[in-house]
Every structure is written in structure tokens, then in C-alpha cells.
Amino acid sequence: MGKRYLEHTKEIIMNMGPQHPSTHGVLRIKLWLDGETVVKSEPIIGYLHRGIEKLAEFRTYTQFMPITDRLDYVSAASNNLAWVQAVEKLMGIEVPRRAEFIRVIITELMRIANHLVWLGTQANDIGAVTVLLYCFREREEILDIFEMFCGARLTLNAFRIGGLAHDIPPGFKERVKDFIERFPKYIDDYERLLSENRIWLQRTKNVGIISAEDAIDLGLSGPSLRGSGVKWDIRKSNPYSVYDELEFDIPTGEIGDVYDRYKVRIEEMRQSVRIIKQALEMMPEGEIRAKVPRIIKPPPGEVYHSIEAPKGELGFYIVSDGSTMPYRVKIRAPSFVNLQSLSKMIEGHLVADIVAIIGSIDIVLGEVDR
Amino acid sequence: MNNEKEKIEIPENFEKIIHKISEFFSTAIIEKKFDRGELTLTIKPEFLIPVAEFLKQEPELKFDFLSDICAVHFPKEKKFEIVYNLYSITFHHRLRLKVKINEGESVTSLTRVWSGANWLEREVYDMSGVVFDGHPDLKRILLSEDWKGHPLRKDYPLSGEEE
């Protein structure tokens, strides 16, 4: 490329979104382009802002539960779990063991469902449309299980402060067992379609690399961070619920490209199957709800509780003034913080790669904008 | 309630954190609180950067991960509490760092200690109107640029026309 050629190039600014099929919602990215290469970028968010943190200040602790469903709406049960556990920590409530195991089963199924939506849409964005259909076929089964458990399929409102609303219905265990026995075979099917597919490899290998140091510095968490080789999973490092009794591995990537993040999520689904299998066997009989006062009125104080949601560290910081409504709720949404590292990942890549990279962070705009 | 009991016993690893910080910044700490298994340190705002840098770099503490920043408004006292939830990926421990400022005062930005503070501080500015000095690009993030007011202040009107 001669000098004369360069003299005639000019940096242009282009908007990607807010209405773009690959942004999974309403996300706008302002791109500074040199030809087709991204020089600089700035994600612009907030199109889906509903003021959820403000809403929390005028709801009781129980009333806020269904609103948490609307944060990350493809993994509602995980949001519910983070919320109820934060309130339980605030009040010092001990949850019965049976309820804990049921919670683990539901949230791990939720993780599989979340990763299936992610895998399907990611493959669809890159051009492998078939995978989406397979993924949604299996997700449908999980949603059927949820429907059996609580009557809802998407916005579950699955748990209650102190335990669960209902015990599992008859036939639930068998159904989950049947599903997780068949499911690993389906994962192999997805992998057969993608893992060694030449087009898939070219679109994902060495694309959107982020080093472990940069990722930690930017606050990246969850599978996206583990793709860079950081072995950090809150289920293992700061176990909540009954995760310390369950055996599972933390899959990690090596260089932190799109392909590594894909591999981590695929492996996480296998690990979730392992966890559910153990939880089903270990689940004791007994109570499903602790003795909780009819009116939830936590003592004054503050608490930060976070769980390993399918997308990363989901935390709730609650300040209580001793009344029935929280004084302040701050949601540490993994998608919001993870999206921050997008600019770093797409720098120097082609516009077409942005689609693959956005997908690989796995964001849900409901959670980004709150 | 049962907080009183827990307050007395501080687990060893938290003791170590307190000890380490007090060693270097004896004058910076205003309040230490251990409640519900979480350690909260309130420090003077002018010590924010040195304490943050120390927490991040000290090999025995290594708070390399900034989880969250939150501002809590107390309209009666005309004060803001800026709350930093820190985490160490190496040692798996948590710490809550707090600074208290008056309404209208600004805080030093932590973007040069943790790059991840960028968006978190922008969100705090957007929602509570707290200004961060030295932030590279402090502007609204969730609300539109022409929005008036900061919704997560306690005195923000819930309904009705402006003014």
C-alpha cells in the first residue's frame, strides 16, 4: 500500500444500530472507521432504561421479585436467586436444604437455557442458521419444565424469600432426569456443526482477543472472562446455596478470542448437567420454606450479595433503613459491565467481526439498561 | 438484632485486611464496620486514590476487581455515600470502601486505578449527579443527553411536570 493511497483515505464515523439484528436489542455503536477497520468505537446504551433501581425504592422486598425477572429476561431464575439471597443475607434467614437443591436445579437449567439462546443467536449472526433451530428445540423442553414447576415460562418469579412458593410437582424429577440424560448428546450435535467447521473457525479464531489483565481491569466476568483463561467462578470461589457440596469443573479458554468464549460456554452446559444430576440425587425430603415473618422488614444495614449468573457476576447491593421497602438498591448487572470491554475487543477488527464479537460477550439489553 | 453478636468476631482474613490498611493509612480510616460477614471501611475522600492504589497493588490484598460503584443519597444530612464494592480474584475476598461527601462536592475518579470504573462512574453521575474529577469522559450513560435532573436522588419528583 503506497503513501499516495493513504493520502486519499479519510476516517469516517458510522452508526451501527440501534436497530440492527446482531445487537440483540437496542444497542447503538458509534464507529470511527478507516476503510473497513475500526479505529475507535463507543457503545451508546440506555434505550431500554426503565428505572428499575428507582422502582425498587417504592416496592416491598417481595414486590420487587417479579421486576428482577425483567433484568436479564433470558435467565430470569438467576436474577430471582440473586435477589432472594441478598434479602435473606440481609435478614439472616436460613433456607431449608430441600429448597436450596431445588433452587440449584432450576438455576442450572436456566444457565443451560441461557447458553442455548446465546449459542443459537451467535451462530445465527455468523451465518449458521441451523444451530438456532436445534438450540430452541432443546430450550423449549427446559421451558416446559419451568412451566411444570411454576406455571411461567419466561418471567418465572421462581423463588420466594426464605425458600420456594411450592414444592416440585409429581413427575418433575423424572422429567428433569430424562432431559439431562438426553441433553449431552445434543451438545455433541452442536459441536459437530460448529467446532471444526471451517467457516466458524475463520470467523471466531483470533477475533476479539482480550488479555486476562485487560479483562480483569475492565471488570469483565463470567464465561467471557474465563475465555481469557481466568479461573474464577463465584460458585467455586465464594460458594453460595449448596454449591460447595457439588462437584464440577470450571472450563477456561486460552487466548480469550471469540472461539474460546464459545468453547467455555459449551463446556459449561456439560458441567451444568453434572450439577443437576448430583442435585437430583442429593435432594433431601423436608420443608421448602423457612419461617419468615409475614411482613418482610429487614433490620437496618447494608449487604452486597453476588452470584454467578449465566452472564457473569450478578450482584445486588441493598441498603435497608428498617422499613418494608429498600432504601436503595444497586444492581451490578454483568451485561452492563461486560459491554464496557467491547471497544477494546473490536479495535482493529473489520466491521463484519463486530457482529461476532458482540455476540460472544452475551449481553441482554434489558440488563444493560435496567 | 443478631448483628451485635457478629460484630465482635472478625474473621482472620478480614483482620488482616484491616491491619494492612491501618498500617499505612492510620489517619485515612474514619470507620470500620463488620456486619453480616462483610467488611466496610469508610475513608476520607482525599485518601481515595492512594488507598485504592494500595489495595490493588499490595501483594497480600490484591483487590484487582472493581465490582460496583453506587451512590446513596441522604437528603436530610445533605450527604452522599459513594460505595465501592471491591473483590480480589486471587484471594476471593471482598471489601466495601466508602467515602462520604456533601451534596455538590465531587469525588476523585478511580478510572486510572481500575479502567472498569469508567462506565460505573458515568452511571453514578447520570443517576445521582455526583461529579468525578479526572474522569476522561464524564457524561450521561443511560438517560438521554438532554435529560434534566438525576432520578436516583431522593428529592427527584416521582410524577408531575417539571418545576
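**Strand pairing in chains A and B**

In the predicted model, A:Arg28 has A:Ile44 of strand S3(A) as its bridge partner. This pair belongs to an antiparallel arrangement in which S2(A) and S3(A), the latter spanning residues 37-44, are connected over seven bridges. Within the strands of chain A, A:Met16 lies opposite A:Ile29 of S2(A).

Chain B contains four helices and seven strands. Read from the N terminus, its elements follow the order α-α-β-β-α-β-β-β-β-α-β. The radius of gyration of chain B is 17 Å, close to the 15 Å given by the globule rule for 163 residues, so the chain is as compact as a globular protein of that length. Along the principal axes, the C-alpha atoms of chain B occupy a box of roughly 55 × 40 × 25 Å. Buried residues account for 53% of the 163 in this chain. Of the contacts in chain B between residues at least 6 apart in sequence, 49% link residues at least 24 apart. The accessible surface of the chain amounts to about 7,900 Å², with 49% contributed by carbon and sulfur atoms. Chain B carries 24 positive and 30 negative charges, whose mean positions are 2 Å apart.

Strand S2(B), residues 38-43, pairs with strands S1(B) and S5(B). The pairing with S1(B), residues 29-35, is antiparallel and comprises six bridges; in it, B:Lys32 has B:Leu41 of S2(B) as its bridge partner. S1(B) and S2(B) form a hairpin with two residues between them, where B:Arg36 in the turn shows a positive phi of about 50°. The pairing of S2(B) with S5(B), residues 94-102, is by contrast parallel and rests on four bridges, with B:Thr42 standing opposite B:Lys98 of S5(B).

The burial of S2(B) extends along the strand: six of its six residues are buried, so the strand is largely enclosed by the rest of the structure. B:Glu38, B:Thr40 and B:Thr42 point one way from S2(B), whereas B:Leu39, B:Leu41 and B:Ile43 point the other way, and all of these residues are buried.

Definitions and conventions
Residues numbered from 1 in each chain as written. Chains lettered and ligands numbered in written order. Predicted model: local features only at pLDDT ≥ 70, side-chain atom pairs only at ≥ 80, totals over all residues. Heavy atoms only, no water. Pairing = 2+ DSSP bridges. Rg over C-alpha atoms; globule rule 2.2 N^0.38 Å. Buried < 20%, exposed > 50% of the residue type's maximum accessible area, 1.4 Å probe, protein only. Contact = heavy atoms within 4.5 Å. Areas by Shrake-Rupley, 256 points an atom, 1.4 Å probe, with all protein chains shown as cover. Lys, Arg positive; Asp, Glu negative; His and termini not counted. Charge placed at Lys NZ, Arg CZ, Asp CG, Glu CD.
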